[in-house]
Amino acid sequence: MYSKDYSSRKNIIIGVFILIALTFIIRLFYLQIIDSSYKLSADNIVLRKVREYPPRGLIYDRNGKLLVFNEAAYDLLVIPRQMKNIDTSLICELTGIDKPTFIKKIKKAKRYSYYKPSTFIKQISKKDIGSIQEKLYQIKGLYIQTRTLRQYPLPIAGHLLGSIGEVNNRDLEKDNFYKSGDYIGKSGIENYYEKYLRGKSGMSIVEVDVHNRVKGSYSNGSFDTIAIAGQDIYLGIDAQLQLYGEQLMQNKKGSIVAIDPQSGEILALVSSPGYNPNLLVGRERSPNYSKLLNDTLVPLMNRATMGTYPPGSTFKMVNALVGLQEKAIGKNSEFSCKGQLSKPIKCTHDHETPLALSGAIEQSCNPYFWNTFKNILENPKYDNSHTGYSNWYKNVVSFGFGKKFKTDIPFEVSGNIPNNDYFDKVYRGHWNALTVRSLSIGQGEILVTPIQLANLSVIIANKGYYYSPHLLVQMEGEKEDIMPEFKEKHITTIEPDNFDIVRDAMLDVFEADHGTARWFVLDSIKQCGKTGTVQNPHGEDHSIFIAFAPMDNPKIALSVIVENSGFGSTWAAPIASLMIEKYISGKSQRTALEKRIMEGDLIHNSKNE
Amino acid sequence: MRNREKISGNIDWVSVTIYISLIVIGWLSIFTASAGEDVTNLFDISTRYGKQLMWIGLATVLAIVIMIIDAKFFSTFSYVFYIGLMLILIGVLFFGSTVAGSKSWFKIGGFAIQPAEFAKFATALAMAKYLSTLNVDMRKLKTKVISIGILVAPALLILLQNDTGSALVYFSFILVLFREGFSGLILIAGIIMAILFIVTLLFSELYVIAALVLITFILIFIVKSLRRNWKPIFGILVLSSAFVFSVNYAFENVLEPHQKKRINVLLGIEQDLRGAGYNVNQSKIAIGSGGLTGKGFRKGVLTRYNFVPEQSTDFIFCTIGEEWGFIGVTVLIILYLILLIRLVILAERQRSKFSRIYGYGVASILFFHFTINIGMTIGLAPVVGIPLPFLSYGGSSLWAFTVLLFIFLKQDANRLNVL
Ligand SMILES: [Zn+2]
């Protein structure tokens with residue numbers, strides 16, 4: 001066998017090793033000894049990194065009216081190692097803190113780091129920073145850093161806009177974008193669109209001499225990164241309508257949700273009592289927050305999305321629509337009513353009998369809807385009423401009930417539509433239409449949120465479809481839709497033709513002689529609505545009203561809930577009608593009505609308290 | 001008992017001493033880069049220096065275990081290690097976690113393991129095993145294809161994990177193949193390819209080909225003996241031209257934008273001090289500021305201000321450059337050089353072909369890491385992000401290099417027992 005000895009090649013390999021090592025040593029000799037441009041003498045130059053905070057994106061309403069903007073505030077930073085021979089009393093005098101506080105703050109800063117800057121005093125206003133700035137050259141180790149605070153030109157929509165606050169440890173761990181002391185969206189829109197709003201912070205490196213004076217930017221700023229401003233957001237909210245809604249709801253508990261049926265954009269989302277978002281800004285944030293948190297009227301809770309109510313009579317329209325779709329009733333089907341004596345559910349209204357569907361909606365006749373519901377469940381199409389019920393369930397959830405829309409609406413809850421399993425468990429399998437009869441009139445286990453109710457109104461306005469209610473219209477700087485799912489059309493199980501009779505009945509609520517909202521009819525706008533009253537075992541009933549307008553080309557659909565206010569027609573209906581008029585005509589002609597509603601106080605004079 | 005005495009007696013203490021020195025230098029640099037003002041507990045595993053200390057402890061255990069195991073164990077199970085690690089590399093592609101853009105980690109509890117690090121020693125074992133088989137003839141095409149296949153498999157799998165740096169390491173086996181009798185042309189071809197690669201990126205490919213044609217004709221014109229052998233010369237010309245075209249294609253279509261950018265910055269085509277060039281520039285400043293003697297231990301201002309990104313992992317060399325100056329880095333480079341030459345000498349004194357080839361594998365891998373890592377911190381190599389052996393922070397790389405080295409030291413200690 002031929003074999004050659006290649007061992008002499010080891011010399012070539014060793015040669016390569018030596019060559020590379022020599023190259024490195026020569027290069028390092030050049031870098032470290034000959035070329036002075038890479039040399040920084042640490043003795044006379046100290047570099048300081050200054051974080052450049054980007055302005056946070058602004059928030060506008062649907063008409064380009066500013067909802068949230070930024071205002072400058074100033075943080076005082078300290079680098080403990082540089083603090084030598086300082087005049088403590090001067091610092092205390094300038095900043096308005098006492099000596100023990102000063103010592104505590106310095107201790108805290110030292111615990112964080114001797115040589116890295118940390119916040120000494122936060123969010124000093126423009127007014128106060130002037131005098132500090134003048135004297136700052138006398139104090140080594142203190143620096144001013146500009147920050148921005150959120151401000152709200154109108155004191156509205158606190159719940160949905162949310163607020164920003166300093167990052168906590170969890171935020172820091174989750175996303176290394178943040179540095180201690182950064183602001184982050186804590187709730188609402190500020191939180192949901194944080195990634196767009198926050199922008200990108202920059203860093204500039206400045207040279208500082210031994211006297212701590214900035215000598216200029218280091219290396220002509222070639223290592224600086226500029227801060228990139230956050231993106232601006234346009235919301236579907238109409239600021240004027242939102243403000244108007246909040247004024248109408250003042251001193252009342254409840255909510256208004258108004259939606260543009262053609263897009264699903266939320267026009268107004270009022271939860272009352274609310275709060276002025278300017279209260280949760282800057283240094284005042286913490287004390288105000290705990291004050292709001294301890295308020296017995298829970299102003300921090302967003303009733304529009306977190307409140308759940310039995311929908312009452314407004315739900316009768318859902319049963320009517322399901323009945324028509326499943327052919328359990330026809331639009332001419334009549335059922336007799338024995339008023340108070342009706343069984344198994346009595347009627348709360350006094351009216352002629354028998355009624356067809358249209359009259360039954362207008363009069364809110366309980367026995368009529370009990371019969372409708374019974375026919376749906378006992379539909380001969382299905383073997384038994386359990387199958388009938390699961391079919392009813394399938395129809396009802398197609399309206400968006402019983403689940404969250406999962407859009408950018410803050411703090412949403414899902415409400416409840418009980419399914420077969422639930423009743424199987426509760427009644428151990430033995431139940432039928434009679435057992436669950438409360439559902440026929442929107443009571444019992446059914447719970448809906450105001451936003452789902454407004455969406456019901458959207459569906460009737462659109463004759464059978466909706467877009468998930470959402471707040472965002474447009475994100476500045478994005479060519480494509482960042483939320484394509486908001487444009488997705490959700491079609492209910494109900495065919496468009498079946499809506500006509502329900503819509504006509506809703507028109508009659510305003511326009512017929514017996515209509516429950518006939519006092520609020522408008523000549524110029526064709527309004528459709530439905531009252532509901534929710535029994536409240538703890539006090540006066542809640543008043544509910546859903547509406548949309550104009551009938552033939554709906555521009556607004558809404559739900560109004562006023563807690564402990566009795567019948568729907570007293571408070572909820574006029575509020576809905578005023579909102580409609582305000583949105584469509586720009587202002588209300590009915591000043592007397594407006595005044596009565598705005599001045600109405602259902603909280604402080606309430607009989608229940 | 002007798003056996004163990006023999007091991008400690010036969011072990012190459014030169015290599016072990018350098019190994020320990022490098023680990024100590026590495027830990028001190030990690031300490032400088034990651035410790036705050038007041039250090040209360042060196043073993044605090046919430047800090048990098050504390051963690052590294054733990055990993056050094058485990059590496060010591062690994063080294064001792066390897067020295068105790070029978071030397072034949074590794075040659076016998078070479079292929080098992082190799083196939084096992086290839087399977088793990090495939091597994092990572094499906095079940096791995098992504099860290100810094102590379103899907104190359106397995107997360108176990110709070111710790112992450114990077115299998116690509118361990119694939120190196122397995123490949124070195126497999127290569128040694130294959131080339132040391134009795135009837136392997138280096139001149140046969142089949143031998144060449146299989147040995148290159150052994151290298152390409154892990155390289156491709158690692159490339160799929162988006163970890164270009166670790167994939168390039170397998171290039172270093174060219175040295176092993178060269179030593180074992182692959183034509184010397186492989187080395188020259190490698191160098192020519194590297195030159196063509198850079199030139200193609202700097203100038204348009206048509207100019208490069210025109211220049212190649214010109215050079216060929218001048219050569220044939222001047223050197224008379226080449227006239228008779230014109231056929232292979234033209235073959236080389238055609239191959240080179242094809243290579244030039246494929247480089248351009250690969251550069252435009254295969255490399256990720258950030259990798260393109262890094263290469264462009266290195267070649268001086270692009271000035272980018274905020275992006276890819278940032279690390280290198282910061283790194284050069286930190287090293288440059290060290291001067292002749294450095295600023296002293298824990299006095300490196302730039303290091304302490306986190307001036308250089310990744311300074312306890314890939315850019316650890318900067319910390320040494322800043323704090324220990326030119327003298328320090330020269331000592332470090334000489335330490336590496338002694339280790340590399342020592343490994344070649346040890347490899348050459350092996351009686352078994354397996355041990356020799358494996359020894360060269362160890363030297364080649366360490367040499368590649370040494371060259372690329374230090375090269376990138378001083379702006380002589382692209383920033384591909386591979387660790388500096390025994391110094392960089394990280395458990396996976398420390399353990400993998402320890403295993404790699406000590407398997408060879410064990411073979412060496414046992415060399416007299418080989419017939
Ligand atoms: Zn009735």
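Guide: Let us begin with one pair in chain B: B:Glu180 forms a salt bridge with B:Arg356, and their closest N and O atoms are 2.9 Å apart. A salt bridge here is a side-chain nitrogen of Lys or Arg within 4 Å of a carboxyl oxygen of Asp or Glu. This is a predicted model, in which local features need pLDDT of at least 70 and side-chain atom pairs count only at pLDDT 80 or more, while totals for chains, interfaces and linings use all residues. Residues are numbered from 1 along each chain as its sequence is written, chains are lettered from A and ligands numbered from 1 in the order in which they are written, and side-chain values use heavy atoms, with hydrogens and water left out.

Visitor: Where do B:Glu180 and B:Arg356 lie in the chain?

Guide: B:Glu180 lies in the loop between helix H9 (174-179) and helix H10 (185-202) of chain B, and B:Arg356 lies in helix H18 (residues 353-377) of chain B, so the pair ties together parts that are 176 residues apart in sequence. Helices (H or I, at least four residues) and strands (E, at least two) are DSSP runs, numbered from the N terminus.

Visitor: And are B:Glu180 and B:Arg356 buried or exposed?

Guide: Both B:Glu180 and B:Arg356 are buried, where buried means under 20% relative accessible area, exposed means over 50%, and partly exposed is in between, using a 1.4 Å probe and protein chains only.

Visitor: What about B:Glu117 and B:Lys120?

Guide: Their side chains, those of B:Glu117 and B:Lys120, also meet in a salt bridge, at 2.8 Å from N to O. B:Glu117 and B:Lys120 are three residues apart in helix H6 (residues 115-131) of chain B, which means that about one helical turn separates them. B:Glu117 is buried, at a relative accessible area of 4%, and B:Lys120 is buried too, at 2%.

Visitor: How many salt bridges are there over all chains?

Guide: A search of the whole structure finds 18. In chain A, A:Asp260 forms a salt bridge with A:Arg62, with the closest N and O atoms 3.8 Å apart. A:Asp260 sits in the loop between strand S11 (254-259) and strand S12 (266-272) of chain A, and A:Arg62 in the loop between strand S2 (59-60) and strand S3 (66-78) of chain A, so this pair joins parts that are 198 residues apart in sequence. A:Asp260 is buried, with a relative accessible area of 11%, whereas A:Arg62 is partly exposed, at 26%.

Visitor: Which residues are linked in a network of salt bridges?

Guide: A:Arg56, A:Arg150, A:Glu190 and A:Glu194 are linked in such a network.

Visitor: New topic: how many helices and strands does chain A have, and chain B?

Guide: Chain A has 20 helices and 18 strands, while chain B has 19 helices and three strands. Buried residues make up 55% of the 609 residues in chain A, and 53% of the 419 residues in chain B.

Visitor: Which residues of H17(B) and H19(B) meet?

Guide: B:Leu343, B:Leu346 and B:Ala347 in H17(B) meet B:Leu405, B:Phe408, B:Leu409 and B:Asp412 in H19(B), where contact means heavy atoms within 4.5 Å.
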